[in-house]
Amino acid sequence: MDFNDFNQEEQKMPTGWFKWGNFENLTGEIISDGNSVGKVVSDNDGTFGCITYRIPVNYVGDTIVLSGLIKYENVKGFVGLLMRIDGHSKKSPLAFKSMQNQKIRGTSDWKEYSIKLPFPSNAKTIFVGGILGKKGIAWFDDFKVRIDGKDIQELKETKKLTLENYNSNELELAISKSSKKLHFSNEETLHNSLNPLIEKIGDKKIVAIGESTHGTSEFYQLREIITKRLITEKGFSLVVLENPYDDIEILNKNLDKTPLDSLMQKHLFSIYQTQEMKSFLEWFKYNKTKYKIKFKGCDDSYWVFFELLKNNINSVDDKILNNLLQELKSNIVKSSTDNLKKEYKVKYSIHNNILEIENYLESTKKITKSIREILFNGKNTYINYVNIKNQKPIQSRDEIMADRISFLAKHSDSKIIVWAHNAHISNEIITDNEIGIMGRDLKKDFDQDYYTIGLTTLNGSYSYINEKYINGDHSYNEKLKTESFKPIDSLFWENKLSKINNSFILDMTDLKNELITDRLIGPTRLIGYSKESEEDIYYLPLIKNFDTMIFIKETNSTKPIFE
């Protein structure tokens with residue numbers, strides 16, 4: 001493996017390097033005795049070219065840095081370094097970074113550049129490259145890859161630990177020692193078996209309770225029990241659901257005067273319109289005053305933001321504020337267009353409208369805590385149109401949900417319970433630019449005060465909806481369907497867990513101590529809103545992803561409130 005130089009005959013691709021993109025002219029070029037460099041030349045028909053090297057991964061660490069020398073001439077688009085880290089599945093990369101957004105153009109002699117990424121525990125392959133976009137010529141030399149500051153060329157390779165190559169007896173013994181049986185025989189035994197977990201998490205700032213499917217009945221039942229106990233016994237007072245923020249605010253406002261079924265159908269994602277969710281909301285409705293509980297959402301909502309803001313702002317006899325609100329309303333109406341360029345422009349203006357309203361309310365001392373929260377969520381909803389305008393990286397749904405939960409945690413004394421998918425609450429990123437960033441960011445912000453409880457299962461049935469893009473419109477009227485889980489092979493985490501007991505609570509810190517590692521990788525199922533597919537299989541170091549895992553071998557689908 002020699003990727004830190006490009007030695008090769010003139011006009012040939014250096015050994016080990018290959019081409020990404022659609023430029024044809026990617027070669028080596030001799031610049032002095034014994035030294036060749038990589039060269040990318042644009043052509044009239046292509047859009048970019050990247051001279052790329054593949055590095056198999058058998059290393060451990062937290063941070064990876066790619067550095068290299070770049071020289072360029074008459075570049076019209078961009079030039080820079082690129083790094084992509086793939087996992088064991090065929091999905092999107094675990095991590096990716098390109099210097100494209102830096103818009104380095106023009107002409108320059110040799111300079112050193114670098115890019116950095118978190119190094120995923122489940123990495124399988126690193127790709128490093130030099131990339132050129134649009135017109136120009138670029139030369140690349142002296143690539144170096146460092147993990148935690150150490151040159152990868154000098155690092156000792158460490159064999160990847162996988163469920164496939166790990167001693168099964170040793171793993172099963174460690175899981176057995178690190179777990180406590182979950183007793184479902186009656187309510188008292190179930191509560192007693194949860195006692196150690198409740199004590200462990202009772203002083204945390206944020207407890208995130210996950211689910212490996214959105215449509216499993218037992219997961220909601222356990223969430224409800226744990227949530228009620230944290231509220232009544234440990235002083236937690238805020239529950240956040242993976243659902244549009246604005247919709248939940250309006251649901252709260254109408255909770256005491258509108259039938260619950262109607263509110264759920266109008267303001268909850270279809271996957272939550274179940275008897276299990278209704279059970280918790282009924283309890284919340286009749287206990288919110290007694291325990292001073294609040295219920296919030298952490299997802300985007302483009303549909304009812306103005307309605308929510310207008311209902312919370314007193315604009316009587318304030319001409320300036322009324323004009324600002326009218327301009328905001330007008331732009332929201334205009335944003336419903338099939339013209340993508342116009343949509344981006346209008347939604348960028350909406351973000352500015354929200355800022356203007358916030359600044360005006362601040363200057364007139366009319367802003368309240370609740371209005372500030374609504375405006376913050378509005379700005380977050382439209383932040384990516386600002387990012388596009390300013391040529392900054394797009395924030396993922398996970399990042400925005402993390403920002404909302406973090407805002408709630410930092411602007412109140414409340415201890416918070418989060419209900420979201422395992423894929424979102426995970427302590428580590430699962431795939432780049434999307435899944436797991438929420439949990440990663442919250443763990444970074446709150447460290448030990450952020451605690452994750454994953455829930456998973458092996459057999460049974462689950463509910464799903466056909467609509468994959470759940471927030472694409474405001475019609476939450478998809479019908480819930482039911483399906484049985486597909487069989488999975490013996491190397492899945494769920495199968496390994498099933499060897500121990502039918503249901504139990506697994507402490508991941510204890511398991512790490514038993515195995516003397518948290519880097520054991522294996523496949524697991526993470527099913528979203530839609531029907532199970534091959535895309536729902538992820539290869540993860542599950543011990544690192546969660547603080548506790550609750551396993552139930554046989555589970556059932558949720559029960560819809562609307563047939």
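## Accessibility and the basis of the model

A residue counts as buried under 20% relative accessible area, as exposed over 50%, and as partly exposed in between. The structure described here is a predicted model.

## L155

At 21% relative accessibility, L155 falls in the partly exposed class. L155 sits in the loop between β11 (150-151) and α1 (168-177). Apart from neighbours within four places in sequence, L155 contacts Y59, I147 and K150. The C-alpha atoms of L155 and I521 are 21 Å apart, with 366 residues separating the two along the chain.

Two aspartates have positive phi angles. For D142 phi is about 55°, although D142 is not a glycine. D142 belongs to strand β10 (residues 137-147) and is partly exposed, at 27% relative accessibility.

For D148, also a residue other than glycine, phi is near 50°. D148 is placed in the loop between β10 and β11. The relative accessible area of D148 is 40%, so D148 is partly exposed.

## S237

S237 lies in the loop between α3 (217-234) and β14 (238-244). With a relative accessible area of 13%, S237 is buried, because the cut-off for that class is under 20%.

The side chain of S237 forms a polar contact with the side chain of S414, at 3.2 Å. Not counting residues up to four places away in sequence, S237 touches Y291, K292, I293, K294, S414 and K415.

## Helices α5 and α6

Helix α5 (residues 260-267) packs against helix α6 (residues 275-291) at an angle of about 120°. The two axes are 11 Å apart, and the crossing of α5 past α6 is right-handed.

On the α5 side, the residues that meet α6 are L260, D261 and M264. Their counterparts in α6 are M277, K278, L281 and E282.

## Helix α7

The buried residues of α7 (305-312) include F305, F306, L308 and L309. These residues cover an arc of only 160° around the axis, which puts them on the same side of α7. Among the elements that cover the buried residues of α7 are α4 (245-254), α8, α9 and α10.

## Helix α8

Helix α8 takes in residues 319-334, 16 residues altogether. From the first C-alpha to the last, α8 reaches 22 Å, close to the 22 Å expected at 1.5 Å a residue. At the N-terminal end, α8 is capped by D318, which has a side-chain oxygen 3.4 Å from the backbone nitrogen of I320.

L321, L324, L325, L328, N331 and I332 are the buried residues of α8. Seen down the helix axis, these residues fall within an arc of 125°, so they line one face of α8. An α-helix has 3.6 residues a turn, so residues three or four places apart point the same way. The exposed residues K319 and V333 are carried on the face of α8 turned away from its buried side. The cover over the buried residues of α8 includes α7 (305-312), α9 (340-363) and α10 (369-389). In turn, α8 is one of the elements that cover the buried residues of α7.

Helix α11 runs over residues 397-410. Its 14 residues should span 20 Å at 1.5 Å a residue, and the end C-alpha atoms are 20 Å apart, which agrees. Of these 14 residues, 10 are buried, so α11 is largely enclosed by the rest of the structure. The buried residues of α11 are D398, I400, M401, A402, R404, I405, S406, F407, L408 and A409.

Helix α13 (residues 437-446) crosses α11 at roughly 35°, and the two axes come within 7 Å. This crossing is right-handed. From α11, the residues in contact are D398, E399, M401, A402, I405, S406, A409 and K410. From α13, they are I437, M438, D441, L442, D445 and F446. Among the α11 residues that meet α13, D398, M401, A402, I405, S406 and A409 are also buried.

Terms used:
Residues are numbered from 1 along each chain as its sequence is written. This is a predicted model: local features need pLDDT of at least 70, side-chain atom pairs count only at pLDDT 80 or more; totals for chains, interfaces and linings use all residues. Side-chain values use heavy atoms; hydrogens and water are left out. Helices (H or I, at least four residues) and strands (E, at least two) are DSSP runs, numbered from the N terminus. The expected span of a helix is 1.5 Å times one less than its number of residues. Buried means under 20% relative accessible area, exposed over 50%, partly exposed in between (1.4 Å probe, protein chains only). The arc is that of the directions from the helix axis to the C-beta atoms. Contact means heavy atoms within 4.5 Å. A polar contact is a pair of N or O atoms within 3.5 Å; within protein, one must be able to donate a hydrogen and the other to accept it, and residues adjacent in sequence count only if both atoms are side-chain atoms. Axes are lines fitted to C-alpha atoms, for helices over the stretch in contact, and angles run from 0 to 180 degrees between N-to-C directions. A crossing is left-handed if the near helix is turned anticlockwise from the far one by less than a right angle, and right-handed if clockwise.
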